[in-house]
Amino acid sequence: MIRKFYGFCVLILVAGQPVAVASERWYSSKQVASGELLFKQNCASCHGQNAEGTADWKKTDANGNYPPPPLNGSAHTWHHSRELLKSTIQDGGIKLGGVMPGFSDQLSDQEIDSVIAYFQSKWPDDIYLKWSERNQPGDVPSVDSIVDQKKEESGSNHDMTRLLIQRLGGNAVADPLKTPVDGLYQTQFGKKYAYLSGDGRYLFMGDLLDLELEQNLTKNARENIEAPVIKSPEASGIPDKSDLTDLLKKRLGSTNVSVAVATPAEGMYVAKFGPNYGYLSRDGRYVIVGSMLDLESGLNLTSISRKRTAKALLNQIPVEDKAIFPAIGPEKAVINVFTDISSVSSRKLFVEVPDLQKAGISVHYLPLSDDGKKGSAYATLKQVWCAKDKAKALTISKGLTAGSLPAGNCD
């Protein structure tokens with residue numbers, strides 16, 4: 001039943017068609033055999049028994065998410081390094097535009113390697129060779145050392161551009177260009193702009209803003225506007241965090257700004273203002289509002305920060321304000337669910353709650369009315385959360401047990 005629940009929530013990875021294992025490949029036939037069983041147990045319900053993926057996998061669904069793609073080499077899987085494929089299986093596919101959960105708690109490193117071996121065994125030799133060539137191990141080059149290289153007549157010879165093509169997938173990647181921010185470079189892939197740290201490891205997705213001139217430099221680049229670039233004075237050392245935060249509050253016209261902290265990218269700081277994360281130059285003049293990616297590990301560091309923040313906020317909510325269905329036996333995990341009484345999808349999950357409890361998962365429910373304070377759904381939520389036993393009242397409200405609800409006039 002737990003597999004059924006994952007099947008309801010899952011998406012993304014990659015899939016195939018039978019092909020003999022090439023002698024040059026990194027995996028063994030034993031790994032392929034082991035991976036086939038693991039794939040069919042964990043992945044086939046979404047990616048197909050033969051890793052063929054979903055029809056129309058290139059089109060987003062009604063929720064804006066991508067369906068499970070093929071993993072057989074006919075889709076974009078071969079664009080990604082083995083490390084990125086592995087981290088996607090471990091951490092899930094949300095950061096790549098899907099809804100696949102992470103499997104780090106269910107599959108060991110060796111088992112994940114076997115799963116990758118299985119679906120790569122379905123790749124034709126020419127696809128595997130392309131993947132192998134673009135994923136040769138090597139150090140991440142410095143952008144500073146290569147950004148001024150000459151271009152060949154046939155195209156770019158930048159090491160960094162080739163690295164970006166390898167890590168981002170696709171071939172439409174422009175050579176990095178210097179920005180007014182020391183150690184930060186602008187690149188373009190497709191219609192998107194992104195900003196690279198000087199060591200080539202970190203990528204910032206979002207618009208680069210000049211807070212002093214009140215200009216969006218990314219928008220200027222899109223519209224081919226030559227904006228005046230006035231270099232800020234050289235920063236003398238790392239600024240005091242409180243000074244940088246005060247400067248941001250002044251320039252953003254808001255007091256809702258967190259303390260700026262250093263990121264792994266040299267000379268870049270991160271601060272949270274409202275729901276947004278901003279990545280700042282050390283002088284506080286330039287900010288990128290968006291996401292920070294680690295190209296080496298394939299992780300979206302901003303997404304990880306958001307999850308930590310959400311978890312901390314959820315843990316601050318008193319247990320008496322939740323409808324709790326505790327795990328049976330030792331608790332292995334906690335799921336927090338915001339529920340609307342009228343939601344069809346929330347009812348589907350609610351039916352699975354007893355199976356989740358048996359699996360050692362506690363489910364904590366919180367009220368959320370899709371229509372605000374209007375309509376019968378909000379009135380019913382008030383009745384549930386005014387009840388002494390909120391879990392029992394929630395079960396009654398979902399129509400799964402008989403009983404009556406309190407008036408709903410509590411505070």
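Predicted model: local features only at pLDDT ≥ 70, side-chain atom pairs only at ≥ 80, totals over all residues.
Residues are numbered from 1 along each chain as its sequence is written, and side-chain values use heavy atoms, with hydrogens and water left out.

We can begin with the sheet. Helices (H or I, at least four residues) and strands (E, at least two) are DSSP runs, numbered from the N terminus. Three strands form an open sheet in the order E11-E13-E12, with mixed pairing; E11 and E12 are the edge strands, each of which pairs on one side only. On average, neighbouring strands of this sheet are turned by 20 degrees against each other, direction ignored. Strands of a sheet pair through backbone hydrogen bonds, either parallel or antiparallel, and two strands are said to pair here if DSSP finds at least two bridges between them.

Strand E13 (residues 361-367) has 6 of its 7 residues buried, so it is largely enclosed by the rest of the structure; buried means under 20% relative accessible area, exposed over 50%, and partly exposed in between, with a 1.4 Å probe and protein chains only. E13 pairs with strand E11 (residues 323-325) in the antiparallel sense over 3 bridges, and Val363 in E13 is the bridge partner of Phe325. With strand E12 (residues 333-339), E13 pairs in the parallel sense over 7 bridges, and here the bridge partner of Phe338 is Leu366 in E13.

E12, helix H12 (residues 344-358) and E13 make a right-handed β-α-β unit; right-handed means that, with the strands pointing away from the viewer, the path from the first strand over the helix to the second runs clockwise. Helix H14 (residues 390-397) lies across E11, E12 and E13, running at about 90 degrees to E11.

We now turn to the salt bridges. Within helix H2 (residues 29-42), Lys40 and Glu36 lie 4 residues apart, about one turn of the helix, and their side chains meet in a salt bridge with an N to O distance of 3.1 Å. Lys40 is partly exposed, with a relative accessible area of 36%, and Glu36 is also partly exposed, at 31% relative accessibility.

Arg201 forms one with Asp294, the closest N and O atoms being 2.7 Å apart; Arg201 lies in the loop between strand E3 (192-197) and strand E4 (202-210) and Asp294 in strand E9 (residues 286-294), so the pair ties together parts that are 93 residues apart in sequence. Arg201 counts as partly exposed at 25% relative accessibility, whereas Asp294 counts as buried at 5%. The side chains of Asp210 and Arg285 meet in a salt bridge at 2.8 Å, N to O, and this pair links distant parts of the chain, 75 residues apart. Asp210 is buried at 3% relative accessibility, and Arg285 is buried with a relative accessible area of 1%.

Methods: Salt bridge = Lys/Arg side-chain N within 4 Å of Asp/Glu carboxyl O. Axes fitted to C-alpha atoms, helices over the stretch in contact; angles between N-to-C directions. Contact = heavy atoms within 4.5 Å.
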